[in-house]
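Thanks for coming. I will take a few minutes on one chain, and I will start with a term.

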Amino acid sequence: MPTLPNLSPSRDLRERVVVTDVALRDGLQNQPQHVATAGKAALMRALAAAGVPSIEATSFVSPRAVPQMADATAVIAEALTLAPLRASALAPNLKGLERAIAAGTREVAVVLSCTETMNGKNINMSLAEATRVSCETLRAARAQGLSTRAYLAVAFECPFEGPTPPERVLELGLALLEAGADEIVVADTIGAASPAQVQQLLRRLVPHLPVDRLGLHLHDTRGMGVANAYAGLELGVRRFDASAGGLGGCPFAPGASGNVATEDLVLMLEQSGFATGISLPALASAVDLAGELLGRPLGGRCMPWLRRQLARAASDGGQAARANSAGA
């Protein structure tokens, strides 16, 4: 595979940033084009080959509500063959957790929206009911020895209620942490935040929630996804969600476009001197595969540049091989 120029100013002793690719769950959940289990398995293998350390593989929700996730058990079975790749699954309640455990899932996630209206639209529950269900699911998962993630959805802005009060985000984060969440993922579900708003919320959370257990889940609706990730980096966040090709968007949140593209995030991190362990050329191949599965070209903002770099590297490599052959 062609290589790229050294993108990092210093590749020795770089600080590690963990990137979780969510294309298989958040990315596919509302796509009109059905993707078969074999296609999902191929995409998982491509992401693992690129060095992606963690994926969100599927969701144990009602197939009637999210038909793309109807094969959750089969997808987890495929994911378990790709160790050391971490594969998590959304388990929104005890019933979903029971299915996840039966499938052999080792890491589960819950999603708690931070507003009354979003919980009502998404799962037909009040905020108090949704908090109770999320906490009991986390406790049950931890009792079974599973690793756990907890999303705080619409943490910056709700499509129905507007800006979300930081105090409420903190209150809910503390409840999820106490219930056993290993990681609290602060989600900009509709991509409404700016870098200043990311730092404002994090400054409210970090004194009370350990920064090494905080993650950011960012959408690129307004073109600020990578900038928002950098704002989080500046305040110590080292865990980020992203989606290959920029796939994504919550089907229950009007205006929620794609997640920040994994390739854009990885390029920014590597050029900023952080280590992700992810190969950009191999990641580009995974993005192209995702595009084939959905029948349309995909790619983050860096993909035109990345494809040019890879084509140039391949051309230079071919010329060098021909020169060596002629010399021999």
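A crossing of two helices is left-handed if the near helix is turned anticlockwise from the far one by less than a right angle, and right-handed if clockwise. Helices (H or I, at least four residues) and strands (E, at least two) are DSSP runs, numbered from the N terminus. With that, H9 passes H10 in a right-handed crossing.

Some housekeeping. This is a predicted model, where local features need pLDDT of at least 70 and side-chain atom pairs count only at pLDDT 80 or more, while totals for chains, interfaces and linings use all residues. Residues are numbered from 1 along each chain as its sequence is written, and side-chain values use heavy atoms, with hydrogens and water left out.

Now the chain as a whole. It has 12 helices and 10 strands. Of its 328 residues, 54% count as buried, meaning under 20% relative accessible area, with exposed over 50% and partly exposed in between (1.4 Å probe, protein chains only).

Back to the first pair. Helix H9 covers residues 225-234 and helix H10 residues 262-271; they pack at an angle of about 45°, with axes 10 Å apart. Axes are lines fitted to C-alpha atoms, for helices over the stretch in contact, and angles run from 0 to 180 degrees between N-to-C directions. H9 and H10 are therefore oblique to each other; under 35 degrees counts as roughly parallel, over 145 as roughly antiparallel, 65 to 115 as roughly perpendicular and the rest as oblique. On the H9 side, the contact (heavy atoms within 4.5 Å) is made by Val226, Ala229, Tyr230 and Leu233, and on the H10 side by Asp264, Leu265, Met268 and Leu269.

The second pair is H7 (residues 166-179) and H8 (residues 195-205), packed at about 45° with their axes 10 Å apart. That makes H7 oblique to H8, and their crossing is right-handed. H7 contributes Pro166, Glu167, Val169 and Leu170 to the contact, and H8 contributes Leu201, Arg204 and Leu205.

Finally, one residue. Where does Glu157 sit? Glu157 is in strand E6, residues 157-158. With a relative accessible area of 23%, Glu157 is partly exposed. Leaving aside neighbours within four places in sequence, Glu157 is in contact with Gly162, Pro163, Thr164, Ile190, Ala192 and Arg222.
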